[in-house]
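Subject: Structure for you to look at

Hi,

Here is the structure I promised. Please open it alongside this note. My findings follow below.

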Amino acid sequence: MQLSPTCIRDILIAVEIHSDFHTCTQYKVENPFPELSGHSHEEILYHIRQCEESGLIQGVHYDNGRHTDIADLTPVGHEFLANIRNDTIWKKVLSKGAGASLSILMELANQLAVKLFLN
């Protein structure tokens, strides 16, 4: 499956919104979060795994493909989301980083955020 930066961003946003210190995010096939409505179930599961393996989210537990628990964002996940939350930066990341790896997208987002906030 091809990497979808938009799906990754949507997952990070959903985890940030729906988890706290006491509650993990529980993605359910039959009742997905509105932030994930533009993605298929298989796409979401694939990108949850990519987020976990890239160190953006932690505490992931799969239950027979029907629901997936995600404990929280990692510090790296919070930083990446903070850098891409701004729609202007996000659009620039997508245009400049088309087809790039996740690590390059993260670096590009960091560079663009630094430029925005230092100017």
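Two strands pair if DSSP finds at least two bridges between them. With that in mind, here is what I found. Please remember that this is a predicted model.

The strands

Start with strand β3, residues 67-73. Strand β1 (residues 25-28) pairs with β3 in the antiparallel sense. Four bridges join β1 and β3.

Strand β2 covers residues 57-63. β2 and β3 also run antiparallel, and six bridges join them. Here Gln58 stands opposite Asp72 in β3.

β3 is mostly covered. Of its seven residues, five are buried. As a general point, side chains in a regular strand alternate between the two faces of the sheet.

α1 against α3

Now the helices. Helix α1 spans residues 5-18, and helix α3 spans residues 75-84. Their axes come within 10 Å and cross at roughly 110°. Angles of 65 to 115 degrees count as roughly perpendicular, so α1 is roughly perpendicular to α3. The crossing of α1 past α3 is left-handed.

Which residues make the contact? From α1 come Ile8, Arg9, Leu12, Ile13 and Glu16. From α3 come Gly77, His78, Phe80, Leu81 and Ile84. By class, the contact of α1 with α3 has six nonpolar, two polar and two charged residues.

α1 against α4

Helix α4 takes in residues 87-96. The axes of α1 and α4 come within 11 Å and cross at roughly 150°. Angles over 145 degrees count as roughly antiparallel, and α1 and α4 are therefore roughly antiparallel to each other.

On the α1 side, Pro5, Thr6 and Arg9 make this contact. On the α4 side, Asp87, Trp90 and Leu94 do. The contact of α1 with α4 divides into three nonpolar, one polar and two charged residues. Note Arg9: this residue is in the α1 contact with α3 and also in the α1 contact with α4.

One more residue to check is Ser4, in the segment before α1. Is Ser4 buried or exposed? Its relative accessibility is 16%. The cut-off for buried is under 20%, so Ser4 counts as buried. Leaving out residues up to four places away in sequence, Ser4 touches Glu43 and His47.

Over to you.

Best wishes

Notes:
Residues are numbered from 1 along each chain as its sequence is written. This is a predicted model: local features need pLDDT of at least 70, side-chain atom pairs count only at pLDDT 80 or more; totals for chains, interfaces and linings use all residues. Side-chain values use heavy atoms; hydrogens and water are left out. Axes are lines fitted to C-alpha atoms, for helices over the stretch in contact, and angles run from 0 to 180 degrees between N-to-C directions. Helices (H or I, at least four residues) and strands (E, at least two) are DSSP runs, numbered from the N terminus. Angles under 35 degrees count as roughly parallel, over 145 as roughly antiparallel, 65 to 115 as roughly perpendicular and the rest as oblique. A crossing is left-handed if the near helix is turned anticlockwise from the far one by less than a right angle, and right-handed if clockwise. Contact means heavy atoms within 4.5 Å. Ala, Val, Leu, Ile, Met, Phe, Trp, Tyr, Cys and Pro count as nonpolar, Asp, Glu, Lys and Arg as charged, and the others, Gly among them, as polar. Buried means under 20% relative accessible area, exposed over 50%, partly exposed in between (1.4 Å probe, protein chains only).
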